[in-house]
Protein chains: 2
Amino acid sequence: MSQFNEVTQDLIQQIESIVGEDYCYVGERINSDFARDEMPIYGAHMPDVVCEPANTEEVSVVMRACYEANVPVTVRGAGTGLVSGSVAVEGGVMLCTMRMDKILEYDMNNLFVRVQPGVRLCDLAADALEHDLMYPPDPGEKTASVGGNVSTNAGGMRAVKYGTTRDYVLAMTVVLADGEILQIGRPVTKTSTGYSLLHLMIGSEGTLGVITELTLRLIPNPKENASFLLPFVDIHAAMASVPKIKLSGLDPQSIEFMERDIVDSSAAHTDNYIIPTEVQGQEAGAYILVTFDGNDIDEIFQRAETLAELADEAGAFDTLVLEGSEKRAVWELRGAFLTAIEAEEKLIDEMDVVVPVDSITEFLEFVHSEGEKVGLRIRSFGHAGDGNLHIYCCSQTLDEEEFLIRNKKVMDASYAKCAELNGQVSGEHGIGAAKATYLAQSVGDTQMRLMAGIKAAFDPKGILNPGKVV
Amino acid sequence: MSQFNEVTQDLIQQIESIVGEDYCYVGERINSDFARDEMPIYGAHMPDVVCEPANTEEVSVVMRACYEANVPVTVRGAGTGLVSGSVAVEGGVMLCTMRMDKILEYDMNNLFVRVQPGVRLCDLAADALEHDLMYPPDPGEKTASVGGNVSTNAGGMRAVKYGTTRDYVLAMTVVLADGEILQIGRPVTKTSTGYSLLHLMIGSEGTLGVITELTLRLIPNPKENASFLLPFVDIHAAMASVPKIKLSGLDPQSIEFMERDIVDSSAAHTDNYIIPTEVQGQEAGAYILVTFDGNDIDEIFQRAETLAELADEAGAFDTLVLEGSEKRAVWELRGAFLTAIEAEEKLIDEMDVVVPVDSITEFLEFVHSEGEKVGLRIRSFGHAGDGNLHIYCCSQTLDEEEFLIRNKKVMDASYAKCAELNGQVSGEHGIGAAKATYLAQSVGDTQMRLMAGIKAAFDPKGILNPGKVV
């Protein structure tokens, strides 16, 4: 029996009266997209009610009503997650933040922007550029909501130089489970003022409170950037260059790796054959893609010269300069990796592990060999500069039941290997419902107990996003 | 009546048998320095026992004994704190980490160092340099322990460019109140793996667990740096230049401000008259000190040209280049500000607030005017780039009782003003026992309740550093 109550007509009417009938959906009026995120393998769960509050106050009143009714609430942004973090696995009320999509204020003296959580990453990034500012976090999924990015501490391409979302959140407005509104943090970059509730909220995946406003740090936009493609014979050679690049002091904005088979798939899928397969008469099996940014293009190309020397020593066939349309085409190809995999496969499951940079090859080989053992195709790409890997188990011609059995074997073995290599379960996608077991295995009983204690302090009835993380 | 038990002979014998007699002090064998930190105004409290464990295992056994005996434990590093954070206000056992002072391992592939908590900041910084690496956090107090720096999330001079200690902690070994040993975090820079117990521990001032090992991120050491001194007519003009410098994209490593009177005091105290009082025929009332770093000195001086243009527009009398011995002399003068104040005053109390950068002048004026109202001398300096101010109420000829009365008036009014300006109680020194009331006023009852809930989850008997933070 559930610890929660069913959603009643009375609660629905309360929610309707708070957010307005046009923004409260029940039964068949609920779009089926709300039943899942972008990783369908974890199954669909329809919420009983979906509501879209307009502001903090409406969120507060909705939460108070749900708290009193003891009904679970699942917060959802753009629904682009990959671990069922915003799927209502226990039913109840889904609180969608996408109506709260305003960029509220730029503070050019203190270099921050105040936004509502439903602003999409692409819109914030573009708007900040209009102010000649950069919002550095750059996760692959540009249509994600910024609130979602904060809830999973999304990292993205530029984490090597700029860090993750965590590093750009100065303050937030949070509605607690019982409806109380809190201001956490302040628009300052340096603080030592009690336990960091701010850093606890970041990455808590909607389980501790509802984020209804964010104050985000911005930086002056670097005026120039250029990317450089380093083709190697195979992934071993490619990855061996990464610690050298990092140690060089060249300060790359990003260091991505790509294996040949995923480049080919993405090229075929997008009809974009920008990446050469043969370079200097040699067949490229893997690539490292490096980006530098700065205010002076000459200075960037000075760094590129040093990079080219390093690359040559490390066995790269060449250092190909990518500017303008070429650079865009390569990054478009890189951006289409996941959709290219999805297009070829009936079903996929994903790992988003992060391992020490010098363990990337060992981990990839391990997963590929586990895949071979059970007859599953493994495909992967990722952030070479920070060890964050996106690895996919692909169903190919298998039926779902058989795929799930084989998939579980690979996943279980791989997460155990990840822990052995001193890695973490997730680099940026979070735990959600999908990876909760692996989190528990990875951190152990005591840390899970501490997390449960924190959860209980914030949300004593456990109504916020039940079944996730803890 | 205390919630704790008295220290018994039996407990003392247990601790002696764990750490060895030479590292367990009782009664008159305890150095009186252990009764206070570096801000004597908050009073002295002698612990009943001081012990210095050699490693994680000894810490674990000591904690288990104290937990079973229900005796409070105050963790202490180098004792350089300023808010009684490591003072045993409830007596009991003081656990000093300074015997755990080893730098254990550099990982040059993944760019991290493993250290024990008792390593001093200056030793870590120097040792990292030997490996051509930089540990970016650079708090003013170089003899502080790294464990203490993590416990208060110390920031320091270079926070403008590199962030605070928080941004460099990848993982830690923690002994909980009951003696259990936890590994929190992993040596990876990007993670979204459950609630961040790591970020909760950082800045928790020894109230949640005992840090016994740290894995800290390092960066390639920038080969070059240069500082630039910008003299202005007064603090208003000086501070008005700061947002412009930050917005310029010149990427300063640090932006400090200094007022004339503190420069004069420090000059007299250290016999170091490096900073000119008259520049271009004008009397300087305040200065901005900017540092750039990078790998190419020419590129740094290109940035300096842009800085000079900005400074000129902002009303600076000049942009004075500081290299080599001049640079060292200016920074030595800057480093002696606090000791210069201490040398002139019988008693001081300190604020370590952080306010938005464009509120610095308003806040400083407010505090000075509050000081005038009650007849207290106010002296200040700080980190202009991040709004972190170190402000001192000075006793001059007043006796202690009268000073404390006036001081409280200024402090109460100033912390209220700080909250009004959207600032925080502490930028880097922490809350300790001294600022607990101001923390509670600043964040409100609910956040204090959440912090208490977190404390209870980690330390149900409340034996770790009682009377601090929560």
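**Close-up views of a predicted two-chain model**

View 1. The side chain of Glu256(A) meets that of Arg334(A) in a salt bridge, with a distance of 2.8 Å from N to O. Because Arg334(A) lies in helix H10 (residues 324–335) of chain A and Glu256(A) in strand E13 (residues 254–259) of chain A, the pair ties together parts that are 78 residues apart in sequence. Arg334(A) is likewise buried, its relative accessible area being 4%.

**View 2. A salt bridge between Asp101(A) and Lys102(A).** Here Lys102(A) forms a salt bridge with Asp101(A), and the closest N and O atoms are 3.2 Å apart. Lys102(A) counts as partly exposed at 44% relative accessibility, and Asp101(A), with a relative accessible area of 40%, is also partly exposed.

View 3. The side chains of Glu299(B) and Arg303(B) meet in a salt bridge, at 2.9 Å from N to O. Both residues lie in helix H9 (residues 297–313) of chain B, and because they are four residues apart they are separated by about one helical turn. Arg303(B), at 11% relative accessibility, counts as buried.

**View 4. A network of salt bridges in chain A.** Five residues of chain A, namely Asp261(A), Glu344(A), Glu345(A), Arg377(A) and Arg379(A), are linked in a network of salt bridges. Over all chains, the structure holds 47 salt bridges.

**View 5. The surroundings of Ser151(A).** Ser151(A) lies in helix H4 (residues 146–151) of chain A and is buried, with a relative accessible area of 16%. When its neighbours within four places in sequence are left aside, Ser151(A) is in contact with Gly203(A), Ser204(A), Glu205(A), Gly206(A) and Ile211(A).

**View 6. The largest cavity, lined by residues of chains A and B.** The count comes to two cavities of 30 Å³ or more, and the largest of them holds about 70 Å³ of space. From chain A, its lining takes in Asn110(A), Leu170(A), Pro187(A), Val188(A) and Thr189(A), while Lys246(B), Val355(B), Pro356(B), Val357(B), Gly385(B) and Asp386(B) line it from chain B. Sorted by class, the lining of this largest cavity has six nonpolar, three polar and two charged residues.

**View 7. The second largest cavity, lined by residues of chain B.** About 40 Å³ of space lies in the second largest cavity. The residues that line this cavity are Val83(B), Glu350(B), Met351(B), Asp352(B), Tyr415(B), Val425(B), Ser426(B), His429(B), Gly430(B) and Lys435(B). By class, the lining of the second largest cavity has four nonpolar, three polar and three charged residues.

Technical notes: Residues numbered from 1 in each chain as written. Chains lettered and ligands numbered in written order. Predicted model: local features only at pLDDT ≥ 70, side-chain atom pairs only at ≥ 80, totals over all residues. Heavy atoms only, no water. 1 Å grid on protein atoms, 1.4 Å probe; cavity = no way out; pocket = protein on both sides within 12 Å on 5 of 7 lines; lining within 4 Å. Points joined across faces, edges and corners; volume = space filled by probe spheres on them. Nonpolar A, V, L, I, M, F, W, Y, C, P; charged D, E, K, R; others polar. Salt bridge = Lys/Arg side-chain N within 4 Å of Asp/Glu carboxyl O. Buried < 20%, exposed > 50% of the residue type's maximum accessible area, 1.4 Å probe, protein only. Helix = DSSP H or I, 4+ residues; strand = E, 2+ residues; numbered from the N terminus. Contact = heavy atoms within 4.5 Å.
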